[in-house]
Amino acid sequence: MEGLCKNCGQIHLVSAETHEEADRIASELCDCENEAKWHRMMEENVEMLCGEQSRNLNFLPLDDTSLRYVKTACELIHAGFISNAKFSAAHSEIKINGVAGKVDIKRTKKQTNQMTI
């Protein structure tokens, strides 16, 4: 049965008879201090690069839905479910890649200037 760690949300396969017991066992077995730290760092870095703090980097902040997509993509890559993701939002492109056990996030402005004389 799958148990969910109540501290970090990781899913663990455990032997249990109820979901409550599975969650309790998963929480006890989970080594989530590192996971909790990773999640905090991911939240802070995504906020800095894509949230309100991104104004300091001359980017437009993403709307809440797009910001959730970026965070979810980071979590899926970190968990090994997908290897990369790419989004276009707020006049920019966000590329998220899994590299050597780490998650790299790159945001690039999309700006085109043209003049006709």
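Predicted model: local features only at pLDDT ≥ 70, side-chain atom pairs only at ≥ 80, totals over all residues.
**Layout.** I went through the secondary structure next and found 3 helices and 5 strands in the protein chain. Read along the sequence, they run β-β-α-α-α-β-β-β.

**Overall dimensions.** I checked the radius of gyration: the protein chain comes out at 18 Å, while a compact globule of 117 residues would be near 13 Å. The box around the C-alpha atoms, taken along the principal axes, is roughly 75 × 25 × 25 Å. I also looked at contacts between residues at least 6 apart in sequence, and 29% of these join residues at least 24 apart.

For charges I have 14 positive and 18 negative side chains, and the centres of the two sets are 12 Å apart.

**Positive phi.** I then turned to two residues other than glycine. Asn58 has a positive phi, near 65°. I find Asn58 in the loop between helix 2 (32-50) and helix 3 (64-79). Its relative accessible area is 58%, so Asn58 is exposed, the cut-off being over 50%.

Ala90 has a positive phi as well, near 50°. Ala90 sits in the loop between strand 3 (84-89) and strand 4 (92-99). Buried, exposed or partly exposed, which one does Ala90 count as? I have Ala90 down as partly exposed because its relative accessibility is 27%, and that class runs between the 20% and 50% limits.

Terms used: Residues numbered from 1 in each chain as written. Heavy atoms only, no water. Helix = DSSP H or I, 4+ residues; strand = E, 2+ residues; numbered from the N terminus. Buried < 20%, exposed > 50% of the residue type's maximum accessible area, 1.4 Å probe, protein only. Rg over C-alpha atoms; globule rule 2.2 N^0.38 Å. Contact = heavy atoms within 4.5 Å. Lys, Arg positive; Asp, Glu negative; His and termini not counted. Charge placed at Lys NZ, Arg CZ, Asp CG, Glu CD.
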